[in-house]
Amino acid sequence: MGTQKPKFYAVRAGRDKGVFSSWEECKKAIHGFSGAVYRSFTTLDEAQAWFNGETFSDQLNTEDHSFIAEYDVYTDGSYVNGQYAWAYAFVKNGKVHYEDADVGKNPAAATMRNVAGEIAAALYAVKKASQLGVKIRILHDYAGIAFWATGEWKAKNEFTQAYAKMMNQYRGIYSFEKVKAHSGDEFNDYVDMKAKSVLGIAD
């Protein structure tokens, strides 16, 4: 048997932040913290570099192992001619159970173009989850949806600040997972189409 490679864990968002040398330490830092952002590395230098803000191509872990989502919720936004739209779909066992889409109600937010729709979709999704009394995993294709909520990105304008504040109120019922846009993911494409359709955009 080969020697097992050492692992280091960097936590950017959690109960505690830092670089840890064991999974047990990392687990204590993220356990029960919805939206935790962490990664494992085989070298201490890589872990420290990522913790200090360097990015890597691998997908981030954005939920702790104890969080069990009852629905995968796909979210997306769209924009055209000064208007933005949002859409979400609650998916379970390969079927859409709840969905909604609409044109954005805040003209000033439209300066953020489709990102305004992405933000609105996530907010309406967590509100729906709260009404249903369920936990959800938000699947999104724009990194800021997770990073503004977890605090990894600083919310610099009134819209992202309001988003971060609202998501904090719902902390504990959601986690995040980033999906690649236009990659053939059935439900990501579905909410993309829904957001476009309310704006009259033909796909």
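## Ground rules

This is a predicted model, where local features need pLDDT of at least 70, side-chain atom pairs count only at pLDDT 80 or more, and totals for chains, interfaces and linings use all residues. Residues are numbered from 1 along each chain as its sequence is written, and side-chain values use heavy atoms, with hydrogens and water left out.

Helices (H or I, at least four residues) and strands (E, at least two) are DSSP runs, numbered from the N terminus. Buried means under 20% relative accessible area, exposed means over 50%, and partly exposed lies in between (1.4 Å probe, protein chains only).

## The cores

A nonpolar core is a set of buried Ala, Val, Leu, Ile, Met, Phe, Trp, Tyr and Cys residues joined through side-chain atoms within 4.5 Å. The largest one has 51 residues. Those with the most contacts inside it are F90, I119, I136, Y163, M167, Y174 and F176. Helix α3 gives the most to this core, with 10 residues. The core draws at least three residues from each of domain 1 (8–52) and domain 2 (71–199). These domain bounds come from an automatic or database domain assignment. Apart from this core lies another, of 10 residues, among them A87, A89, V191 and A195.

Now take M167. Contact means heavy atoms within 4.5 Å. Leaving aside neighbours within four places in sequence, M167 is in contact with A122, L123, V126, I138, A149, Y174 and F176.

## A strand pair

Strand β3 (residues 37–41) is mostly covered: four of its five residues are buried. Five bridges join β3 to strand β1 (residues 8–13), and the two run antiparallel. Two strands pair if DSSP finds at least two bridges between them. F8 stands opposite F41 in β3.

## Helix α6

Helix α6 (residues 186–197) has 12 residues. From first C-alpha to last, α6 reaches 16 Å, close to the 16 Å expected at 1.5 Å a residue. That expected span is 1.5 Å times one less than the number of residues.

In α6, F187, N188, V191, D192, A195 and K196 are buried. The buried residues of α6 pack against β4 (71–80), β5 and β6.

## Two loop residues

Most residues other than glycine have a negative phi. N93 has a positive phi, near 55°. N93 lies in the loop between β5 (83–92) and β6 (95–103). N93 counts as exposed because its relative accessibility is 75%.

R113 also has a positive phi, near 55°. R113 is found in the loop between β6 and α3 (114–132). At 48% relative accessibility, R113 counts as partly exposed.
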